[in-house]
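Please look over the model below. The briefing that follows covers turns, strand pairing, selected residues and the chain overall.

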Amino acid sequence: MIYILIGILFFGLLIAVHEWGHFITAKLLDVRVNEFSIGMGPALFSRRRGETLYSLRLLPIGGYCAMEGEDQATEDPRSFAAKPAWRKLIILVAGAFMNYLTGLLIVVILFAGSGPWAVPVVQGFMDGASCAEDGGLEPGDRLLAIGDHKIRIYSEVTAALNATNGQPVAVTVERDGARVTLPSVSFVLRDYEIDGTTRQMYGLYFDQEEPTPSRVLAHSWDTCLYFARAVWSGLGMLVSGQVQLSDMSGPVGIVSYLGEAGSQANSFLVGLRNVCYVIALIAVNLAIMNLLPIPALDGGRIFLLLAGEVWFLFCGRRIDPKYEAALNAVFLVLLLMLMAVVTFSDIFKLVR
């Protein structure tokens, strides 16, 4: 339960950070903010300070930074609509940027406080490892690519090896400072006795890297890029039909998964680290999802902003904000309906 509560707290924090990105850039760029809200639905708490109403609402599934002239025409010179396109673009991108920055910061803290981590550098081979016998891999090789999979961090190695299905593939490595391509390397799973337990492994040992400030920053950056690629891969699988809508998770499923990630650890601190690692992944996920060109999301608003500028360039007149507002409202309802379906699916899976 403690990990679930921590997950809910962090999930709310990610929403607050996202909206704060919009809020602070709007304030810095002299845009009037009418309301800054965390959560949706009925207000649990609200207080006005200056021109802005600050609210905490019942449903922890979103939030908003309501700016003057955002969805309707107004004569206020400090309205969102009255500002030049570059200011609007900065304000719209700021939410996703803050989520990505939050994910990166969490990963930096995790790696800075950890011991050595594995890196995709071959240390040695177990007896009978196919990649050593006929592939030409040598100790000290840094894996750069396995087949079509680029390798930057150790976490990407297993998925790349599994994707080969035991078939020979080209492998690119860094060897003695030079880039070397091995045309045909086979990675075959074999049974190995490890601590009295038989496990299927590819027969590779990997080096570890000691944390230093520069290595922590570089490894954290590569890890967040790995998160981003995983999100894009998941979206591609969803669009292509490789995964179903039932495989998606909303807030209920995410919080449940956070609880599992924490409870499977052998100590509270390790469990907390697991939860924070998943939160970092979610932060990067939110950054990318919010930039998708779908109306009602930041990416959709950016797309409509750029389309409006192109329209003005060729036609000499602005698109009435009410049309954008109507389009955003329709897609917001659709997104809320999707959220409801996913939430009920999460609850059903928990009950089942």
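Strands S6 and S7 form a hairpin with two residues between them, and Asp176 there takes a positive phi near 55°. The model is predicted. Six bridges join S6 to S7 (residues 178-185), and the two strands run antiparallel.

- Val169 has Val185 of S7 as its bridge partner.
- S6 also pairs with S4, through four bridges and in the antiparallel sense.
- Within that pairing, Ala145 is bridged to Thr172 in S6.
- In a regular strand, side chains alternate between the two faces of the sheet.

- Ile194 stands opposite Thr197 of S9.
- Two residues lie between S8 and S9 in this hairpin.
- Asp195 sits in the turn and has a positive phi of about 50°.

**Positive phi in loops**

- Most residues other than glycine have a negative phi.
- Asp30 has a positive phi, near 65°, and is not a glycine.
- Asp30 belongs to the loop between H1 and strand S1 (33-49).
- The relative accessible area of Asp30 is 37%, so Asp30 is partly exposed: the value falls between the 20% limit for buried and the 50% limit for exposed.
- Ala296 also has a positive phi, of about 85°, and is not a glycine.
- The loop between H7 and helix H8 (298-315) holds Ala296.
- Ala296 is partly exposed, at 27% relative accessible area.

- The Asp141 side chain reaches the backbone nitrogen of Glu138 at 2.8 Å.
- Leaving out residues up to four places away in sequence, Asp141 touches Pro120, Val121, Val122, Gly136, Val173, Glu174 and Arg175.

**Asn328 in helix H9**

- Asn328 lies in H9, which runs over residues 321-351.
- Is Asn328 buried or exposed? Its relative accessibility is 9%, so Asn328 counts as buried.
- Beyond its neighbours within four places in sequence, Asn328 is in contact with Asp71, Pro295, Ala296, Arg301 and Leu304.

**A nonpolar surface patch**

- Ile2, Leu5, Ile8, Phe268 and Leu269 form a nonpolar patch on the surface. Together they have about 500 Å² of accessible area.
- Helix H1 (2-28) and helix H7 (268-290) are the elements that give two or more residues to the patch.
- H1 gives the most to the patch, with three residues.
- Ile2 lies in H1. Its relative accessible area is 45%, and Ile2 is therefore partly exposed.

- Arg352 is in the segment after H9.
- Arg352 counts as exposed, with 69% relative accessibility.
- Arg352 and Glu35 are 317 residues apart along the chain, and 40 Å separates their C-alpha atoms.

**The chain overall**

- The secondary structure of the protein chain comes to nine helices and ten strands.
- The C-alpha trace spans about 75 × 50 × 40 Å along its principal axes.
- The protein chain has 352 residues, and 39% of them are buried.
- Taking contacts between residues at least 6 apart in sequence, 64% join residues at least 24 apart.
- The accessible surface of the protein chain is about 19500 Å². Carbon and sulfur atoms account for 63% of this surface.

Terms used:
Residues are numbered from 1 along each chain as its sequence is written. This is a predicted model: local features need pLDDT of at least 70, side-chain atom pairs count only at pLDDT 80 or more; totals for chains, interfaces and linings use all residues. Side-chain values use heavy atoms; hydrogens and water are left out. A polar contact is a pair of N or O atoms within 3.5 Å; within protein, one must be able to donate a hydrogen and the other to accept it, and residues adjacent in sequence count only if both atoms are side-chain atoms. Contact means heavy atoms within 4.5 Å. Two strands pair if DSSP finds at least two bridges between them. Patches are made of residues with over 30% relative accessible area and no salt bridge: like charges are joined within 9 Å, nonpolar side chains (Val, Leu, Ile, Met, Phe, Trp, Tyr) within 5 Å. Accessible areas come from the Shrake-Rupley method with a 1.4 Å probe; for residues, only the protein chains shown count as cover. A salt bridge is a side-chain nitrogen of Lys or Arg within 4 Å of a carboxyl oxygen of Asp or Glu. Buried means under 20% relative accessible area, exposed over 50%, partly exposed in between (1.4 Å probe, protein chains only).
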